[in-house]
Amino acid sequence: MQIVASRRELVVVVVGASLALVACSGGGGESEGSATEGTTATSSGSSSGAESETTSGGEALRPNWHEDVAPVVAEHCQACHSSGGIGPFSLSTYAESKDWAPVLAFNVAEGLMPPWHAVETAECAPPLPWKHDARLPEALITMFQAWADAGAPEGDPKLAAPLPTPPSLDLADPTATATMGSALTIEKSGQTLDQFHCVSLDPGNAQDVFLTAFQVIPGNRKVVHHVVIYVDESGQSASWPGGVKKDCGGGSGLSGATTMIGAWVPGGLPTEAPPDVGIPLPAGARLVFNVHYHASAGGPEIDDSTGIALRWTTQPLGWTSLFELLGDPGRGSSLTGDLMIPAGASEHVEEYVWTVSAGGADFPDTIEARLWTIGAHMHKIATNMRVWVEDRDSSATTCLAEMPRYDYNWQRLYEYEGPLEQMLRVRSGDKIHVRCTYNNTLQNPGVVEALAEVGLDAPVDVYVGEGTLDEMCLGAIGVAVKGI
Ligand code: HEC
């Protein structure tokens, strides 16, 4: 999609502009520390009076950093944009933030920040709101814009609004914690900084249990980029040397059917199943992480402590959560033939349909199945996924999710908000469609990145596979089932 490329260009332009601004004011009259005392204009005095810090009545301009912006940034941005966080710069103080104001305003207005990819579109209105929806309300987007337009006034620290404590990223009351069994050295290899290793973790449950919540614990935060979590029911990954299968591509590294139960990106909150829902973890099962490591340009880094905190119960709960991967390589049949994305195609579509069943067999309507979570797994050529359900009787469709700015770097599961009884029910015979769109041109920054990793500079035909220059079209759904 050209939009993606042009947006990035725009961002670069805006960043350039703000750097220019920094450069201008650097030599100017703005002496450090004096800004807070002055009651009049403190900035480099470029053109207009709009940059005055006070109104004619002597009151601090609103919105300003201390009264308006700081609490929003603390709540919505600092989980990533603080020193040591994954954001490319810190937004912890006024000094760190002020020169970014135009770029912040642009990114929030475009919906690029905070990162959130499941959005309503003309074709897709999901049936329920999302849990932990990170998108900013319109009033806050306007506030960022007004702050930037006014020249990013600081305001009076004496009037500073209380800062909310950012939500905890730790899982409360874990039953167990499992950590990787050996150390991995992550360093640049050839052209590429990205590596995908599968790591086997032993949850240590001697009996069958039901997971109700989990949270990934990144070991070396400098290199752990994202994690996809699978259940290895047979425990076959225990035989991997050191519990690691290196360079396992984009999947689980397991043979046979695999169950993806979650995905994690830095800043992500713990995954908690709805009340009374458990994810079965048989005795002896292991968990497998597909860890996307991004090597540091600064030299080798060791990761020996990535793991997962788990909460489980040994009592079966009212609902059992089952996960399905739909598409290719998953369940369902293709409506568009074998997955192949021709070089140069900018709006290539692959579509799959799966008829809801229990392992291929019909199940009676006395069994209630409700969809509570959904995610997309595709690689770097992909630009969009839409998933919808077609009712077996009326053929009426309900859109589950669309991700029109799919970004490989921000994979996660999205959970619906609300009581399970209100979540979308699927019955045996309903059809679930997964439609993936790809842009296999140099307009797509993901293609440029993927090609560079293998030393190419022109798009090639792309097929299904695990590699950087392969693709997938997978919709992951979590269904809570009662009555089995
Ligand atoms: C979950 C982590 C996370 C949160 C929350 C987050 N950011 Fe970011 N932000 C990032 C990362 C990582 C990048 C680097 C670009 C990327 O990976 O998309 C980034 C990039 C940016 C950029 C630069 C974009 C560019 O093109 O250079 C801006 C501006 C920004 N964030 C502002 C914000 C603001 C404002 C908020 C809060 C309203 C916020 N971010 C919340 C992680 C986060």
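In strand β13, W319 is the bridge partner of V277. This pairing belongs to a predicted model, in which local features need pLDDT of at least 70, side-chain atom pairs count only at pLDDT 80 or more, and totals for chains, interfaces and linings use all residues. Residues are numbered from 1 along each chain as its sequence is written. Helices (H or I, at least four residues) and strands (E, at least two) are DSSP runs, numbered from the N terminus. Two strands are said to pair if DSSP finds at least two bridges between them. Strand β9 (residues 277-281) and strand β13 (residues 319-328) meet this criterion with two bridges, in the parallel sense. Strand β4 (residues 209-217) is also joined to β9, here by three bridges and in antiparallel fashion. Within β9, P280 is the bridge partner of F210. Strands of a sheet pair through backbone hydrogen bonds, either parallel or antiparallel.

Four of the five residues of β9 are buried, and the strand is therefore described as mostly covered. A residue counts as buried if 20 or more other C-beta atoms lie within 10 Å of its own, as exposed if 12 or fewer do, and as partly exposed in between, with C-beta atoms placed from the backbone. By this criterion, 41% of the 484 residues in the chain are buried. The chain has six helices and 24 strands. Two residues are in contact if their C-beta atoms, placed from the backbone, lie within 7 Å. Of the contacts in the chain with a separation of 6 or more, 81% come from residues 24 or more positions apart.

An open sheet of five strands shows antiparallel pairing in the order β14-β16-β22-β18-β19. Strands β14 (333-334) and β19 (397-402) stand at its edges; each has a single partner strand, so one side of each is left without a neighbour in the sheet. Inside this order, strand β16 (residues 348-355) and strand β22 (residues 431-438) run antiparallel and are joined by eight bridges. Y352 stands opposite V434 in β22. The loop between β18 (382-390) and β19 contains D393. D393 is exposed, because 8 other C-beta atoms lie within 10 Å. Between D393 and D430, 37 residues apart in sequence, the C-alpha to C-alpha distance is 8.0 Å.

A nonpolar core is a set of buried Ala, Val, Leu, Ile, Met, Phe, Trp, Tyr and Cys residues joined through C-beta atoms within 7 Å. The largest such core has 89 residues, and those with the most contacts inside it are V227, I229, Y230, L287, F289, I308 and M378. Domain 2 (168-317) and domain 3 (318-484) both give residues to this core, so it lies between them; the domain bounds come from an automatic or database domain assignment. When residues up to four places away in sequence are not counted, I229 touches M260, I261, G262, A263, L287 and F289. Another core, of 19 residues, lies apart from the largest one and includes L91, A105, V108 and M113.

Helix α4 (residues 101-109) holds L104. The buried residues in α4 are A101, P102, L104, A105, F106 and V108. L104 is classed as buried because 25 other C-beta atoms lie within 10 Å. With residues up to four places away in sequence not counted, L104 touches F144 and A148. The C-alpha atoms of L104 and F144 are 7.1 Å apart, although 40 residues separate the two along the chain. Just after α4, G111 takes a positive phi of about 75 degrees.
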